[in-house]
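User: I would like to learn how to read a few features of a protein model. Could you take me through them one at a time?

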Amino acid sequence: MPSDQGVPDEEPLVGDGVTPNITRVGDTVRRPFRPFTATIQAYLSHLHRAGFSGAPEPLGIDERGREVLSFVSGDVPREPLPPEATGENVLAALARLIRRLHDAAQGWTPPRDAVWATLPGTQDIPFVDTEAELVSHRDYCPGNVVFRGGLPAALIDFDLARPTTRIYDIANALYWWAPLLHPEDRTPALVEADIPHRAAIFAEAYGMSAQQRRALVPLAIRMIHRFHLTSRAAAEADPVFRRFWSEGVKDRMPRAEAWIAQEGPAIAARLTHGPP
Ligand SMILES: Nc1ncnc2c1ncn2[C@@H]1O[C@H](COP(=O)(O)OP(=O)(O)O)[C@@H](O)[C@H]1O
Ligand SMILES: [Mg+2]
């Protein structure tokens with residue numbers, strides 16, 4: 001809404017606190033322009049042209065040099081996940097949304113001068129998703145998923161998008177939403193959850209191939225180990241990540257590594273043999 005001066009009001013949007021100065025202006029969102037912004041906007045344009053409606057539409061740059069995106073209506077959950085965001089129907093809807101994203105992203109070739117983001121201080125830590133098949137989101141934390149009618153309907157915050165594999169993206173989504181975490185680190189409603197069963201619900205809804213079902217757990221083990229390394233390195237390089245580290249990540253990551261080493265075989269068995 002315009003204010004008395006005819007200047008549109010800016011409503012600050014605060015998510016997980018990583019990106020400062022995000023505001024809503026009417027039906028748009030303004031975010032700081034970063035080195036990777038033009039690449040991500042090209043990707044979002046492709047998704048829009050391919051008919052994928054579950055991502056913000058890129059609307060260029062405003063008069064203050066900020067990136068402009070369409071505002072995606074709905075509710076964005078925060079950690080700890082509220083009970084209503086922990087149902088199996090939520091997991092299945094997220095899997096279908098990510099499958100549609102993958103199908104829309106398939107075949108897009110990034111520009112030759114593409115620039116991708118890395119977390120602060122992590123440029124020397126090798127990626128575990130190097131055999132790229134497509135460009136995808138790669139960061140399905142609750143604050144990046146928009147719900148409508150109680151189900152995931154859209155994805156926002158494509159800052160960590162880059163060339164990746166479908167199975168990496170799936171492992172990332174399961175890390176947050178199964179979740180692939182020690183019971184002590186889960187939202188209360190999921191402390192006693194049957195994680196192999198939840199992984200199988202996701203696999204079914206996504207339509208994971210036999211090869212993807214076999215690849216998931218080995219990749220998740222490597223991904224969680226890398227999360228541990230990158231979150232520690234980012235904490236050394238940046239005060240926001242230092243706060244995440246000291247407020248819990250420093251304990252959560254070693255517990256997640258120990259948990260997936262122990263429970264991974266049961267997840268793999270359910271994905272490759274058992275009923276969903
Ligand atoms: N295009 C958008 N549509 C609707 N809400 C958005 C949009 N972009 C950001 N937001 C809101 O702002 C919050 C922070 O934005 P996000 O891009 O996720 O930044 P951060 O890098 O801090 O996670 C989101 O969790 C969401 O609530
Ligand atoms: Mg975010």
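Analyst: We will go through a sheet, a metal site, an annotated domain and a pocket. Keep in mind that this model is predicted.

User: How should I read the sheet, and what is the strand order in the open sheet of five strands?

Analyst: Strands of a sheet pair through backbone hydrogen bonds, either parallel or antiparallel. Here the order is 1-2-3-5-4, and the pairing is antiparallel. Strand 1 (11-12) and strand 4 (58-61) are the edge strands, each pairing on one side only.

User: Which strands pair with strand 5, and over how many bridges?

Analyst: Strand 3 (residues 28-31) pairs with strand 5 (residues 67-70) over four bridges, in the antiparallel sense. Thr28 has Ser70 as its bridge partner there. Strand 4 also pairs with strand 5 in the antiparallel sense, over two bridges. On that side, Pro58 stands opposite Leu69. The hairpin of strand 4 and strand 5 has five residues between the strands, and Gly65 takes a positive phi near 80° in this hairpin.

User: Which way do the side chains of strand 5 point, and are they buried or exposed?

Analyst: In a regular strand the side chains alternate between the two faces of the sheet. In strand 5, Glu67 and Leu69 point one way, and Val68 and Ser70 point the other way. All four residues are buried.

User: On to the metal. Which protein atoms are donors to the magnesium ion (ligand 2)?

Analyst: Asn144 (OD1) and Asp157 (OD) are the protein donors, lying 2.1 Å from the ion. Asn144 sits in the loop between strand 6 (134-136) and strand 7 (145-148). Asp157 sits in the loop between strand 8 (151-155) and strand 9 (162-164). The two are 13 residues apart.

User: Why does Asn144 count as buried, and why does Asp157 count as partly exposed?

Analyst: Buried means under 20% relative accessible area. Asn144 counts as buried because its relative accessibility is 2%. Asp157 counts as partly exposed because its value is 23%.

User: What does UniProt place at residues 114-179?

Analyst: The unreviewed UniProt entry places "domain: Aminoglycoside phosphotransferase" there. In the model, residues 114-179 are 18% helix and 23% strand, with end C-alpha atoms 32 Å apart.

User: Last, how do I read a pocket, and which residues are closest to the centre of the second largest pocket?

Analyst: Rolling a probe the size of a water molecule over the atoms shows where empty space is left. The second largest pocket holds about 220 Å³ of space. Of its 13 lining residues, Glu79, Pro80, Asp185, Arg186 and Thr187 are the closest to its centre. By class, the lining has eight nonpolar, one polar and four charged residues.

Conventions:
Residues are numbered from 1 along each chain as its sequence is written. Chains are lettered from A and ligands numbered from 1 in the order in which they are written. This is a predicted model: local features need pLDDT of at least 70, side-chain atom pairs count only at pLDDT 80 or more; totals for chains, interfaces and linings use all residues. Side-chain values use heavy atoms; hydrogens and water are left out. UniProt positions are given in the numbering used here, feature names are shortened, and annotations may be inferred rather than shown by experiment. Two strands pair if DSSP finds at least two bridges between them. Donors are N, O and S atoms within 2.8 Å of the metal (3.2 Å for Na, K and Ca); water is not among the atoms, so sites may look incomplete. Buried means under 20% relative accessible area, exposed over 50%, partly exposed in between (1.4 Å probe, protein chains only). On a 1 Å grid over the protein atoms alone, a cavity is a set of points where a 1.4 Å probe fits but cannot get out, and a pocket is an open set with protein on both sides within 12 Å along at least five of seven lines; lining residues have an atom within 4 Å of a point. Grid points are joined across faces, edges and corners, and a volume is the space filled by probe spheres set on the points. Ala, Val, Leu, Ile, Met, Phe, Trp, Tyr, Cys and Pro count as nonpolar, Asp, Glu, Lys and Arg as charged, and the others, Gly among them, as polar.
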